[in-house]
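Have the structure open beside you and turn it as we go.

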Amino acid sequence: MEGKSETVQPCVLLRRIRDFTRSVLEDVCSDRVPVVRIDRFRNYCADSSGKCCCSFDLSDGKETLTLKKECHTQRLDVLLKVLLIVQKLLLENRHGSKRDIYYMHPSVFVEQSVVDRALNDICILLKCSRHNLNVVSVGNGLVMGWLRFFESGRQFDCIKYLNTAHHIPVQVEQISDIMSLAQYILVVEKESVFQRLANDQFCGTNRCIVVTGKGYPDIPTRRFLRLLIEKLHLPVYCLVDCDPYGFDILTTYRFGSMQLAHDAKFLRVPAVRWLGAFPSDSERYKLPQQCLLPLSAEGA
């Protein structure tokens, strides 16, 4: 397992924000066109020979933003507005969600994805993870099973009610005193599968921890899973649908997402093993045709 997620102190981030904005202002005051260079990362290898020597933690080139291009001007405008909001959150020691930021300037940001991109750019520029900016996601993940931990002084005792869903905390960095009697961790793609396991009292007969991100996992779910692996050193298995979406979710857990490739080393869990479903399962278990769904054009 790679190194643990780095904690960058707010004072360090505030200094980096001041240095960045000062450099932009100095260019403007000196009649120079500000140029912002943002490192780019990837979480895949393009070498088809199988002799990969990639280091995904290193930059894969730079993207240059300049006021000479209108599209870049708009992007820099958004970046600076979001950076100002982040600076205020850090100064006041408050937390906000991506959605909160969007609604501060909806006419400028237009859509949520614009804010997401700006936050990713800021993380790269400041060399930090998103949670270091005091920007949190609205958590979707659930957990149950043989697990007990504390978050900001509050106890999460999953062992007491083995088959009851508990929401995964958003501020994963505040989790402490993790204790478990589990023998493995099971990650399932869908909430419906998670609920079926709960209804069947799965954790009562299996010493395990069950986690779901309710589809594509959010950052807290991925950070939580990685934290469990680092602390408990348990094998982890992933059960997803046998379709492109399921495979994409599996690879997001294991290798990280393209959008957050710059932070993949703190989010990915390479130890995740694919439990199924496999393409061969329909024949192996003689599933009736009515249980199968055709692959849509969108899914292909």
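Start with strand β6 (residues 147-151), which pairs with β9 in the antiparallel sense over four bridges. Strands here are DSSP runs of E with at least two residues, helices are runs of H or I with at least four residues, and both are numbered from the N terminus. Two strands count as paired if DSSP finds at least two bridges between them. Look for F150, which stands opposite S176 in β9. Now widen the view: the open sheet has three strands in the order β7-β6-β9, with antiparallel pairing. Its edge strands are β7 (154-157) and β9, each pairing on one side only. From one strand to the next, the twist averages 10 degrees. For such angles, axes are lines fitted to C-alpha atoms (for helices over the stretch in contact), and the angles run from 0 to 180 degrees between N-to-C directions.

Before moving on, a word on what you're looking at: this is a predicted model, where local features need pLDDT of at least 70 and side-chain atom pairs count only at pLDDT 80 or more, while totals for chains, interfaces and linings use all residues. Residues are numbered from 1 along each chain as its sequence is written, and side-chain values use heavy atoms, with hydrogens and water left out.

Next, find strand β12 (residues 236-239). Three bridges join β12 to strand β13 (residues 273-276), and the two run parallel. How does the chain get from β12 to β13? The path goes through helix α9 (residues 244-255), making a right-handed β-α-β crossover. Right-handed means that, with the strands pointing away from you, the path from the first strand over the helix to the second runs clockwise. Across the pairing, Y237 stands opposite R273 in β13. L239 also sits in β12, and L239 is partly exposed, at 30% relative accessible area. (Buried means under 20%, exposed over 50%, and partly exposed in between, with a 1.4 Å probe and protein chains only.)

Now for the charges. Side chains of opposite charge can pair when their charged atoms come close. A salt bridge here is a side-chain nitrogen of Lys or Arg within 4 Å of a carboxyl oxygen of Asp or Glu, and by this rule the count comes to 18. One of them joins D19 and R22, whose closest N and O atoms are 3.1 Å apart. Both belong to helix α1 (residues 10-29), three residues apart, or about one turn of the helix. D19 is partly exposed at 40%, and R22 is partly exposed too, at 41%.

What about K62 and D39, whose closest N and O atoms are 2.5 Å apart? They form a salt bridge as well, and this pair links distant parts of the chain: K62 is in strand β2 (residues 62-66) and D39 in strand β1 (residues 35-39), 23 residues apart. K62 is exposed at 55%, whereas D39 is buried at 18%.

Then there's R223 with E173, a salt bridge of 3.0 Å from N to O. R223 lies in helix α8 (residues 219-232) and E173 in the loop between β8 (166-167) and β9 (175-180), so the pair ties together parts that are 50 residues apart in sequence. R223 is buried at 11%, while E173 is partly exposed at 32%. Finally, salt bridges that share partners join R40, E63, R75, R117 and D121 into one network.
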